[in-house]
Amino acid sequence: MYWLVVRVAVVVLALSLTAWVALSLAILVGRVRYDRRRESPSRALGEREARRLVRRASRRSRTDRGAWRRIAALRRLARARHPAALRLLRAALGDRDSRISGAAVRALGDLGDEWAIDLLLKALREERAPRSRIAAQVERLAPIPGAALLPLLRDKDPVVRFWGATLLAPYPELGGASLVMLTQDPDPNVRAAAVETLGARSGDAAAGATLALLHDPIWFVRVHAARSAGRLLGADGGPSLVRLLSDSRWWVRTAAKDALRGIGPDSVSALLPMLVDADAFARNGAAEVLQDIGFVDHLALERPDSPLLERIYAAGGERMREAAEVRTGRRTRERKVRAA
Amino acid sequence: MTGGFTGELLGWVVVFCLGYLLLTNLVYVVLVFVAAFENGVRRDESASEDYDTLATSRFTIPVSVVLAAYDEETAIVPTIRSLLALDYPEHEVIVVNDGSTDATLDRLRETFQLEPYEVFVRRVFQTEEVHAVYRSAEHPNLVVVDKANGGKADALNAGLNVARYRYVCGVDADTVFDPDALLKGMRRVVHDPARIVGVTSHLTIALDPGRTMAAPPGTRPIDRRPLVAYQHLDYLRAFFNNRLAWSRLGFMLCAVGAFQIWRRDVLEEVGGYSRTFTCEDIELTFRVHERFLREGRDYEIHCLPDNVGTTEGPDSVRKLIAQRERWQRVIDETVWHFRRMWFNPRYGSVGLIGAPFYLVTEVLAPAVELTALVALIAAVALGLFQPGVFILMLAAIAFMNAALTACAILLDDVQSRTYRTRDLARLLLLAPLDLVLYRPLIFWARQKGSWRFLRGDKAWHKFERNARAPAA
């Protein structure tokens, strides 16, 4: 047994010492070569290299390594705007390997011409890659896609309509009527996307559709409608938004508070009646928004004995008073320093 | 080997211990090959990733970064600055001051111009009392929650109550992050948010993370002190030789506390961070696996090879032992708590490989190491083993470890090219001496940890932060 132990130890030592030396050399030599390569300037795509890349990008890959080589070739050709790039990317989009189709989406975003946009929208319809990733590439190309997005709003697939409505956000001049119609879509995700996009627009139809969705039975549609109402309607949306402060869903209440904060001091008149609402969430929420828009600090500094301030504290709780006192105390000190 | 019954017994003990060592190292060698494959796949994936679009698109999933801080006055400001500087389209930073007894809150108030506000939040998790919530006049995405002390898990749960986004990234107060950390961490998630519920990534170690991270990748230094260099090697081995392989094999069992991204609905479903364990990260990872596998749900938890930040390492032997003792204890607690998963086919690769791997290489290791040490010393003392053979065995073990360490250094360098060539050379030379210079400390810490686990000690024993130059 003794000699067995000794023999095993010798074999292990020999093997591991060799491995350690070999790995150390590989690390150091590899690093030096990498540093040298990094310093050499990048070359333009030559004809011979282009032919090699086209061959590599056309080849279906059976191995992992092959797939990544194909991806690298596709990217290089797309960046160099090689004439074969579009054909190869179209083929790559249809590849069953999600890595290849995903890389094609990215390369099409790099190309960014009308053909590329058509292919990206086709990929979006057919879900050739995660739709959010395709959408990110389409949006990156704004304002080129523009009108090409409108057919998406009429697609049979609700997911495509959702993305169509979402991607129209940077184009306030496009698809207004269609978006208003989509606020009545049977699919709640489409309604939510449509109302979110309408939030950056104007007009009575958009305002009416947004207000209607504040009462949608699906909670996340109400969330998007609340955000939109704040942006689209401003102070006019206040009375409708404050009603959402007592919504059964926390996320809807939060969205309503965010929207009211966004409206700013113009929301005060809508918020004040909520301070005595029967619902505790509504009272808390109204007091919190009044605090966040600076109304509480204004009263505390200018009219500290105001009964209104007491009403806000009663709705917001003792900690709201303490926090306000700390803030206003600091501001008073700052004012004195400035005056001095 | 002679000497009657005692000699025979000692011989068998030595053979058993050597067998254990050979077996575990054989497993590590297999894991290194798997890790190398995973590293290559992730590297290629990262190279083809469109980080520019990811960093600017409104379709990139927003993240709430939650940081628990207890007595972190020296480390917290650089950490928060690095979090606020993250290159990510939409993220919020929630700092929870867990009843610090030092000037942590004062430092935060001064540096970030904090003001108290009353904020009504969801109380999804019960926590110790929240004293106040602060917002920064300078950074609208910074929220500071001041609460009564309840431990790190309690503080993270308080942060989760405030978090608004679908993904939550738990981080440590002593870690300084790369500006791309969140992009790197979320790049896998955005491709498949329905399946990927958790992600962690590679972190390195330094005495002063802020200063180390100030150097650009490629020229980043590794501390010259051997204690720190060995901790650095330890981290490399843990991330590259183990966690990457576990990730590929479907049993990534430790999303590290310093950088752990979780889908918030999953955290809510499993009840958030647990306060009943010494430390929260490994237990939570086990719990998520247990829940999803028990219910037969499709999910993934990943460890990525990208270097996302640098965390503070202990600068003295005493602090290192205190830290590693705690790590050993939490591993023991977790593996024991989830013992129903051991060798249980219902839990797939986690039950059949991951949990037993932890049991054999982490929980039982201190006992085997102690036995081996006593047996070898006794064998040499009784003249059953010649000192030359003893040294030969030590050399074999040392170079076996050194070869595995070199694999980890190679995988890291191929992935990130972060460090200077001369520092890599120094690490490679230090590797064979790990057994005599560093392992004895870890051996002692693990013995202490195991003993304290058996005694039911669950105290944190936080190590005192390193002294450093004041933040600019």
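Nine salt bridges are counted between chain A and chain B. In this predicted model, one of them joins the side chains of A:Arg319 and B:Glu118, with a nitrogen-to-oxygen distance of 3.6 Å. The interface of chain A and chain B also holds 21 residue pairs in polar contact, with both residues at pLDDT 80 or more.

**The interface between the chains**

On the side of chain A that touches chain B, two or more residues come from each of α1 (2–39), α3 (64–79), α7, α8, α14 (250–263), α16 (280–292) and α19 (318–339) of chain A. The largest share of that side belongs to α1(A), which gives 21 residues. By class, the side of chain A that touches chain B divides into 30 nonpolar, ten polar and 18 charged residues.

In total, 58 residues of chain A are in contact with 64 residues of chain B.

Over all chains, the search of the whole structure finds 17 aromatic pairs. In the pair of A:Trp163 and B:Phe59, the ring centres are 5.2 Å apart and the planes stand at 80°, so the pair is edge-to-face. This pair joins two chains, because A:Trp163 lies in helix α8 (residues 158–167) of chain A, whereas B:Phe59 lies in the loop between α2 (51–56) and β1 (63–69) of chain B.

**The two domains of chain A**

Chain A is assigned domain 1 (66–142) and domain 2 (155–264). Eight residues from domain 1 of chain A and eight residues from domain 2 of chain A take part in their contact. The centres of these domains, taken over C-alpha atoms, are separated by 32 Å.

In domain 1 of chain A, the residues that lose the most area to domain 2 of chain A are A:Arg125, A:Arg131 and A:Glu139, together 51% of what that side buries. Between the two domains of chain A, two salt bridges are counted. The side chains of A:Asp157 and A:Arg131 form a salt bridge at 3.6 Å, N to O. On the domain 1 side of this contact, α6 (114–126) and α7 (131–140) of chain A each give two or more residues. Of these helices, α7(A) provides the largest share of that side, five residues.

**Buried areas**

| Parts | Buried area | Share from carbon and sulfur atoms |
|---|---|---|
| Chain A and chain B | about 5,500 Å² | 63% |
| Domain 1 of chain A and domain 2 of chain A | about 740 Å² | 72% |

Conventions
Residues numbered from 1 in each chain as written. Chains lettered and ligands numbered in written order. Predicted model: local features only at pLDDT ≥ 70, side-chain atom pairs only at ≥ 80, totals over all residues. Heavy atoms only, no water. Domains from an automatic or database assignment. Contact = heavy atoms within 4.5 Å. Buried area = accessible area lost by both parts, 1.4 Å probe. Salt bridge = Lys/Arg side-chain N within 4 Å of Asp/Glu carboxyl O. Helix = DSSP H or I, 4+ residues; strand = E, 2+ residues; numbered from the N terminus. Phe/Tyr/Trp six-rings, centres within 6.5 Å; stacked < 30°, edge-to-face > 60°. Polar contact = N/O pair within 3.5 Å; in protein donor to acceptor, adjacent residues only side chain to side chain. Nonpolar A, V, L, I, M, F, W, Y, C, P; charged D, E, K, R; others polar.
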